[in-house]
Amino acid sequence: MNRVWKFGADVDTDQIVPGRYAPYMRPDADVGEAAFIEARPEFAKTARPGDVIVALENFGCGSSREYAVEALKRRKVGAIIALSFARIFYRNALNLGIPLFESPEIVEALQDGDEVTLELPNRRVQCGERVYLLPELPVFAQEILKAGGIVPYVRAYGRFPGEE
């Protein structure tokens, strides 16, 4: 079972990892330990691999800090489900292999602390007796996620998805 961590709207990259925790500011620290260190201090201490972040609109807005996404990757977030994502955050997360889904139904249904089962291959999230279907991602996104991110994809295929 995985835990749901629910957030509101406009969660910016500074809330995900404040600038003073940037890897270039603290080169010997694990940026994953700074994930939501001020917004939700218990996240970095208790989040388990596979936990699911659920949020309202515009998740990941603000600066284009890739290390904010890296922190979530190091915490082994299973997926992020939101009403919408900031465009550059979406691309950074996809490039690092974090699955992202936009689903108003799931965002409305899941609450902070809910225990869920996340089945990415079947595109399902189960909470108690309720089962929710995750939206199907575009083929290029599926390919990147299957490879584990854009760098592993390019290493495996020698090109970007969609290039011949």
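Close-up 1. Asn2 sits in strand E1, which covers residues 2–7; strands here are DSSP runs of E with at least two residues, helices are runs of H or I with at least four, and both are numbered from the N terminus. This is a predicted model, where local features need pLDDT of at least 70, side-chain atom pairs count only at pLDDT 80 or more, and totals for chains, interfaces and linings use all residues. Residues are numbered from 1 along each chain as its sequence is written, and side-chain values use heavy atoms, with hydrogens and water left out. Is Asn2 buried or exposed? Asn2 is buried, at a relative accessible area of 13% (buried is under 20%, exposed is over 50%, partly exposed is in between, with a 1.4 Å probe and protein chains only). A polar atom of the Asn2 side chain lies 3.3 Å from the backbone oxygen of Pro49. Setting aside neighbours within four places in sequence, Asn2 touches Arg48, Pro49, Gly50 and Asp51, and also Asp114, Glu115, Val116 and Leu118; a contact means heavy atoms within 4.5 Å.

**Close-up 2. Helix H3 and what covers it.** Helix H3 runs over residues 66–74, and its buried residues include Tyr67, Ala68, Val69, Ala71 and Leu72.

Close-up 3. Follow the chain out of H3 and you get to Lys76, which belongs to the loop between H3 and E3. Its phi is positive, about 60°, although Lys76 is not a glycine. For context, most residues other than glycine have a negative phi. Lys76 is exposed, with a relative accessible area of 54%.

**Close-up 4. Arg123, between two strands.** Arg123 is in the loop that links strand E5 (115–119) to strand E6 (124–127). Here too phi is positive in a residue other than glycine, this time near 55°.

**Close-up 5. Glu108 in helix H5.** Glu108 is part of helix H5, residues 104–109. Glu108 is exposed, and its relative accessible area is 64%. Take a look at Ala55 as well: Glu108 and Ala55 are 53 residues apart in sequence, but their C-alpha atoms are 9.3 Å apart in space.

**Zooming out. The whole protein chain.** The chain has 7 helices and 7 strands, and from the N terminus they run β-α-α-β-α-β-α-β-α-β-β-β-α-α. The radius of gyration is 15 Å, close to the 15 Å from the globule rule for 164 residues, so the chain is as compact as a globular protein of that length (the radius is taken over C-alpha atoms, and the rule is 2.2 Å times the number of residues to the power 0.38). Along its principal axes, the C-alpha trace spans about 45 × 45 × 25 Å. Of the 164 residues, 45% count as buried. Among contacts with a separation of 6 or more, 66% come from residues 24 or more positions apart.

How values were computed: Polar contact = N/O pair within 3.5 Å; in protein donor to acceptor, adjacent residues only side chain to side chain.
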